[in-house]
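Subject: Structure handover

Hello,

Here is the structure for your files. Please look it over first; notes on what was found follow below.

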Amino acid sequence: MLLKRERRDRGIIRRFIHDTYMEYLLAEHLLDQLQGLSEVGLSLDLAFNDDVNAFVRDGLSLLALEEREGALQRLEEVYAQAHDDREREHALYYIGRLDLPYCPEVLISAFRSDRSPLSRRAAALGAILHGHNDVEEKYLTLVAESEQEDLLNRSVQLVY
């Protein structure tokens, strides 16, 4: 699934090339929510497949820095208010893949204190992608020293 962006006199036009229409609809709706363009509140309590996630990541990377920071703010709110482990994990996943010139603090604090192993893993990987060496060292040590964390890490990689 690809996202193409064209500039026109009246603003930015998005053209989508998609595998299925449902993936297109899900990705477009989620991207609109992350940008604050949807009247429906942001919800990440569903599992999205790799194509939808890739499309949303690509769409976010095309936004101006201030728009990406707006998406960060909305995702941080979802993370803080979520009662569902899956929703927290998804918020951290997208935060970790936002193209920002810094590592969002929520990733570091979630790695240190979130109660869900999957959320801690999502936070760690996001912080690592943002170049946070301290989290990388601690996460790799945790995976090396804990058979349970290593199994979880490998299992998630097989699923995703």
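A residue is called buried when its relative accessible area is under 20%, exposed when that area is over 50%, and partly exposed in between (1.4 Å probe, protein chains only). The model is predicted: local features need pLDDT of at least 70, side-chain atom pairs count only at pLDDT 80 or more, and totals for chains, interfaces and linings use all residues. Residues are numbered from 1 along each chain as its sequence is written, and side-chain values use heavy atoms, with hydrogens and water left out.

Overall picture. The protein chain has eight helices and two strands, taking helices (H or I, at least four residues) and strands (E, at least two) as DSSP runs numbered from the N terminus. Their order along the sequence is β-β-α-α-α-α-α-α-α-α. Of the 160 residues in the protein chain, 41% are buried. The accessible surface is about 9400 Å², with 49% of it belonging to carbon and sulfur atoms (Shrake-Rupley method, 1.4 Å probe; for residues, only the protein chains shown count as cover).

Helix 4. This helix covers residues 85-97. Ten of its 13 residues are buried; among them are Glu87, Arg88, Glu89 and His90, as well as Leu92, Tyr93 and Tyr94.

Core. A nonpolar core is a set of buried Ala, Val, Leu, Ile, Met, Phe, Trp, Tyr and Cys residues joined through side-chain atoms within 4.5 Å. The largest one has 34 residues, and those touching the most other members include Leu34, Leu92 and Leu107. Among the elements that give two or more residues to this core are helix 1 (21-34), helix 4 and helix 7 (133-145).

Aromatic pairs. Rings of Phe, Tyr and Trp (its six-membered ring) pair if their centres lie within 6.5 Å; planes under 30 degrees apart are stacked, over 60 edge-to-face, and the rest tilted. There are two aromatic pairs by this rule. Tyrosine 93 and tyrosine 94 are edge-to-face, at 5.1 Å centre to centre and 80 degrees between the planes. For phenylalanine 111 and tyrosine 139, the centres are 6.3 Å apart and the planes at 75 degrees, so this pair is edge-to-face. It links helix 5 to helix 7, with the two residues 28 apart. Phenylalanine 111 is buried at 10% relative accessible area, and tyrosine 139 is buried at 4%.

Regards

Key. The expected span of a helix is 1.5 Å times one less than its number of residues.
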